[in-house]
Amino acid sequence: MRSNDVKQLHTVSVEDLNKQLLELRSKLESMTSDHVMGKLTNGRTLSSLRKDIARVLTVLRAKELLS
């Protein structure tokens, strides 16, 4: 996720953030199983995906505290 994308997360609605979080988590689950089976060539994608999930959760928490 680029820095511009991170800044745009703050403008997205909570419902859309929750949808994006579900998509990222399902993608992480499938990529983790691919990694276990040896199909994943670049392990860095798992790390960046976990970080993207953390960013979305951080924005959701900030919106929760502000409302």
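**Entry 1: terms and overall layout**

I take contact to mean heavy atoms within 4.5 Å. With that in hand, I asked what covers the buried residues of α3, and the cover includes α1 (3-9) and α2 (14-37). I note that the model is predicted.

Next I looked at the whole chain. I found three helices and zero strands in the protein. Along the sequence the pattern reads α-α-α. I looked up the extent of the C-alpha trace along its principal axes, and it spans about 45 × 20 × 15 Å. Of the 67 residues, 19% count as buried. The protein exposes about 5000 Å², and carbon and sulfur atoms supply 53% of that area. I also checked contacts with a separation of 6 or more: residues 24 or more positions apart account for 63% of them.

**Entry 2: helix α2**

I checked the length of α2. At 1.5 Å a residue, its 24 residues should span 34 Å. Its end C-alpha atoms are 35 Å apart, which agrees.

Which residues of α2 are buried? I list Leu 17, Leu 21, Leu 24, Leu 28 and Met 31. Their cover includes α1 and α3.

I then looked at what comes after the helix. Gly 38 follows α2, and its phi is positive, near 90°.

**Entry 3: helix α3**

I ran the length check again on α3, residues 44-66. Its 23 residues should span 33 Å at 1.5 Å a residue. The end C-alpha atoms are 33 Å apart, so the span agrees.

The buried residues here are Leu 46, Leu 49, Asp 52, Ile 53, Val 56, Val 59 and Leu 60. I marked Asp 52 for a separate look.

In soluble globular proteins, nonpolar side chains tend to be buried together. I looked for such a group here.

How many residues does the largest nonpolar core have? I count twelve: Leu 9, Leu 17, Leu 21, Leu 24, Leu 28, Met 31, Leu 46, Leu 49, Ile 53, Val 56, Val 59 and Leu 60. Both α2 and α3 supply at least two residues each to this core. The helix that gives the most is α3, with six residues.

I picked Leu 49 to see whom it touches. Not counting residues up to four places away in sequence, Leu 49 touches Leu 24, Lys 27, Leu 28 and Met 31.

Is Asp 52 buried or exposed? Its relative accessible area is 10%, so Asp 52 is buried, the cut-off being under 20%. Its place is in helix α3.

I looked for what the side chain of Asp 52 meets. Asp 52 and Arg 55 form a salt bridge, 2.8 Å from N to O. Both residues lie in α3, three residues apart, about one turn of the helix. Arg 55 is partly exposed, because its relative accessible area is 30%.

I also listed the contacts of Asp 52 beyond its neighbours within four places in sequence. They are Met 1 and Leu 24.

**Entry 4: the other salt bridge**

Side chains of opposite charge can pair when their charged atoms come close. How many salt bridges does the count come to? The count comes to two.

Besides the Asp 52 and Arg 55 pair, I found Arg 61 and Glu 64, whose side chains meet at 2.7 Å, N to O. Arg 61 and Glu 64 also lie in α3, three residues apart, about one turn of the helix. Arg 61 is partly exposed, with a relative accessible area of 44%. Glu 64 is exposed, because its relative accessible area is 51% and the cut-off is over 50%.

**Entry 5: Lys 63**

My last stop was Lys 63, which lies in helix α3. Lys 63 is partly exposed, with a relative accessible area of 21%.

Which residues does Lys 63 contact, leaving aside neighbours within four places in sequence? I noted Leu 9, His 10, Val 12, Val 14 and Leu 17. Lys 63 and Ser 13 are 50 residues apart in sequence, and their C-alpha atoms are 9.2 Å apart in space.

Key:
Residues numbered from 1 in each chain as written. Predicted model: local features only at pLDDT ≥ 70, side-chain atom pairs only at ≥ 80, totals over all residues. Heavy atoms only, no water. Helix = DSSP H or I, 4+ residues; strand = E, 2+ residues; numbered from the N terminus. Expected span 1.5 Å × (residues − 1). Buried < 20%, exposed > 50% of the residue type's maximum accessible area, 1.4 Å probe, protein only. Salt bridge = Lys/Arg side-chain N within 4 Å of Asp/Glu carboxyl O. Core = buried A, V, L, I, M, F, W, Y, C linked by side-chain atoms within 4.5 Å. Areas by Shrake-Rupley, 256 points an atom, 1.4 Å probe, with all protein chains shown as cover.
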